[in-house]
Amino acid sequence: MSETYIFTTGEKAVERLEFQKQLGLDWSFEHLQKAGIREGMTVVDMGCGVGAMTAELAKLVGDSGIVYAFDISEKQLEIARAKTESEGLKNVIFICGDIYSNNDIPINTVDLIYMRYLLMHIKSPDLAITGLKKLLKSDGVIASQESIISSFTLIPDCMNVYLELGRQRGVDYDLGKRSVSLYQDAGFSKVDVEYKQLKIPGSDMKKLVKLGINEWKDKALEAGIINQDQLESWQTQINNFSGEIEYPLATQAYVLAWN
């Protein structure tokens with residue numbers, strides 16, 4: 001995934017990822033509750049990144065449960081490990097590896113696999129899902145959250161560039177549109193989806209959008225799909241967001257897929 005991921009990793013990514021987590025945390029917990037998370041479960045935090053949700057998962061499954069925090073970036077895992085240790089959590093096992101080969105996690109042993117904004121960053125989400133399915137117990141479930149980026153219409157030109165950058169790297173930032181069919185095609189017995197669009201104050205929107213663009217703008221400039229004039233235009237539009245208005249983020253597909 002490292003060659004397709006356009007955002008920064010390690011310490012440079014912490015502020016955006018933690019801020020993004022806090023904005024949608026209530027819906028994330030609701031998603032997990034609908035998945036049936038409880039104490040004693042074996043859970044995989046697939047693509048855990050800097051551990052934005054790892055500690056939360058570890059608390060939900062308790063000391064009798066286990067969380068496998070899995071990511072391709074050792075830098076990300078170092079931050080996630082430090083976070084869980086600082087909170088005194090000892091039920092997390094950290095694994096550095098590729099989503100397509102999960103050899104360090106025993107098959108048919110996992111109750112719940114949790115993913116946020118992961119499949120939209122990889123080239124073959126169908127192959128990944130097929131592999132993840134093997135890890136689940138017969139009644140196991142995947143809880144996956146993916147974006148529909150084209151639904152973010154505040155700065156259309158910006159999102160078009162973002163989508164094109166993804167296409168050039170072989171990934172689909174609108175994957176939320178087809179996430180249900182991916183799980184159905186993989187043979188899951190039941191797939192539910194709920195589409196939600198969070199609205200946030202203009203001050204939060206300014207911060208979130210600026211953090212995101214700052215992480216991927218250089219890659220878009222190198223690819224020749226934006227120029228400095230466009231960046232300055234986006235900056236003006238972002239600065240015009242009113243703190244007295246709530247603006248909609250991109251629609252999210254909250255999927256639950258049972259084995």
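Which helix holds Val180? I looked this up first in the model, which is a predicted one. Val180 sits in helix H7, residues 179-185.

Next entry: is Val180 buried or exposed? I read a relative accessibility of 17% for Val180. The cut-off for buried is under 20%, so Val180 counts as buried.

I then listed the contacts of Val180, leaving out residues up to four places away in sequence. Val180 touches Val191, Val193 and Tyr195.

I also checked a pair separated along the chain. Val180 and Leu256 are 76 residues apart in sequence, and I found 8.8 Å between their C-alpha atoms.

I turned to strand E4, which spans residues 110-116. How many of the residues of E4 are buried? I noted 7 of 7, and I put the strand down as mostly covered.

Which strands pair with E4? I looked up E1, residues 42-46, and found a parallel pairing with E4 over 3 bridges. Within this pairing, I noted Val43 opposite Leu112 of E4.

I looked up E5, residues 136-148, as well. E4 and E5 run parallel and are joined by 6 bridges. For Val110 I recorded Leu136 in E5 as the bridge partner. I followed the chain from E4 to E5 and found that the path goes through helix H5, residues 125-135.

Summary for E4: I have parallel pairing with E1 over 3 bridges, and parallel pairing with E5 over 6 bridges.

Notes. Residues are numbered from 1 along each chain as its sequence is written. This is a predicted model: local features need pLDDT of at least 70, side-chain atom pairs count only at pLDDT 80 or more; totals for chains, interfaces and linings use all residues. Side-chain values use heavy atoms; hydrogens and water are left out. Buried means under 20% relative accessible area, exposed over 50%, partly exposed in between (1.4 Å probe, protein chains only). Helices (H or I, at least four residues) and strands (E, at least two) are DSSP runs, numbered from the N terminus. Two strands pair if DSSP finds at least two bridges between them. A crossover is right-handed if, with the strands pointing away from the viewer, the path from the first strand over the helix to the second runs clockwise. Contact means heavy atoms within 4.5 Å.
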